[in-house]
Amino acid sequence: MSSRHRSVIADIVTVEAVAARGAGSARRLSTAFRLPMLLLAVVLLAGCASRAGHQAGVEVPAGWTGEQGQASYYADRYHGRRTASGERHDRQALTAAHRTLPFGSRVRVTHLGNGRETVVRINDRGPFVGGRVIDLSRRAAEELDLVRSGTAPVRLSPAR
């Protein structure tokens with residue numbers, strides 16, 4: 001919880017304490033403010049919650065059978081930067097960027113040149129280069145043996 005959130009909650013508690021010590025009208029005023037202030041505190045605290053736990057096990061959309069195109073992988077300079085899903089990019093994780101699949105979707109990626117496969121979890125948006133269908137983490141690119149070439153023809157399919 002950030003110091004700003006702690007400060008807001010402390011202010012709420014102080015207003016209620018002062019109102020509780022006052023006359024009966026102050027008590028009624030305190031009661032009138034108690035629920036909205038509690039709701040405000042809950043909303044502020046919910047904003048601090050992590051979204052990472054909500055991304056596991058998401059199914060690809062019904063009817064999506066896969067696609068083919070070029071794959072590339074993230075440059076090392078993106079390691080640790082925030083992805084579109086809010087989590088940090090980890091070059092050692094089996095993750096990838098896709099333009100439209102829901103975050104958390106698990107996709108099988110098959111290198112059409114050598115037959116190697118890996119399963120990745122979608123956690124970012126992209127790639128934004130024409131003809132490319134997926135951007136892979138470095139680890140996924142290593143498993144497919146496409147680090148040296150930088151790109152490779154791939155087939156994407158739902159992970160089962």
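Among contacts in the protein chain between residues at least 6 apart in sequence, 73% join residues at least 24 apart, a contact being a pair of residues with heavy atoms within 4.5 Å. The model is predicted, so that local features need pLDDT of at least 70 and side-chain atom pairs count only at pLDDT 80 or more, while totals for chains, interfaces and linings use all residues. Residues are numbered from 1 along each chain as its sequence is written, and side-chain values use heavy atoms, with hydrogens and water left out.

The secondary structure of the protein chain consists of three helices and six strands. Here helices (H or I, at least four residues) and strands (E, at least two) are DSSP runs, numbered from the N terminus. Along the sequence the elements follow the pattern α-α-β-β-β-β-β-α-β. Of the 160 residues of the protein chain, 31% are buried; buried means under 20% relative accessible area, exposed means over 50%, and partly exposed lies in between (1.4 Å probe, protein chains only). The accessible surface amounts to about 9600 Å², and carbon and sulfur atoms account for 54% of it. These areas come from the Shrake-Rupley method with a 1.4 Å probe, and for residues only the protein chains shown count as cover.

The strands form a closed barrel of six, in the order β1-β5-β2-β4-β3-β6, with mixed pairing. Neighbouring strands of this sheet are turned by 45° against each other on average, direction ignored; the axes behind such angles are lines fitted to C-alpha atoms, for helices over the stretch in contact, and angles run from 0 to 180 degrees between N-to-C directions. Two strands are taken to pair if DSSP finds at least two bridges between them. In general, strands of a sheet pair through backbone hydrogen bonds, either parallel or antiparallel.

Both senses of pairing involve strand β1. Residues 67-73 make up β1, which pairs with β6 (residues 151-158) in the antiparallel sense over six bridges. Within this pairing, Ser72 has Thr151 as its bridge partner, and Gln70 stands opposite Pro153. With β5 (residues 132-136), β1 pairs in the parallel sense over four bridges, and there Ala71 stands opposite Ile134. Strand β6 also pairs with β3 (residues 106-111), in the antiparallel sense over five bridges. Val109 has Leu156 of β6 as its bridge partner, and His111 stands opposite Val154 of β6.

A nonpolar core is a set of buried Ala, Val, Leu, Ile, Met, Phe, Trp, Tyr and Cys residues joined through side-chain atoms within 4.5 Å. The largest one has 19 residues, and those with the most contacts inside it are Val107, Val109, Val120, Ile134, Leu136 and Leu156. At least two residues of this core come from each of β3, β4 (117-124), β5, α3 and β6. The surroundings of Val107 illustrate the arrangement: leaving aside residues up to four places away in sequence, Val107 touches residues including Val60, Trp64, Leu101, Val120, Ile122 and Leu156. In soluble globular proteins, nonpolar side chains tend to be buried together.

Charged side chains complete the picture. The structure holds five salt bridges, each defined by a side-chain nitrogen of Lys or Arg within 4 Å of a carboxyl oxygen of Asp or Glu. Side chains of opposite charge can pair when their charged atoms come close. One of the salt bridges joins Arg108 and Glu117, whose closest N and O atoms are 3.4 Å apart. Arg108 is partly exposed, with a relative accessible area of 26%, and Glu117 is partly exposed at 42%.

Helix α3 (residues 138-144) contains two further pairs. Glu142 and Arg138 meet in a salt bridge at 3.2 Å, N to O; because these residues are four apart in the helix, about one helical turn separates them. Glu142 has a relative accessible area of 37% and Arg138 one of 22%, and Glu142 is partly exposed, as is Arg138. Arg139 and Glu143 form the other salt bridge, with the closest N and O atoms 3.6 Å apart. Both residues lie in α3, again four residues apart, about one turn of the helix. Arg139 is partly exposed at 33% relative accessible area, and Glu143 is partly exposed at 28%.
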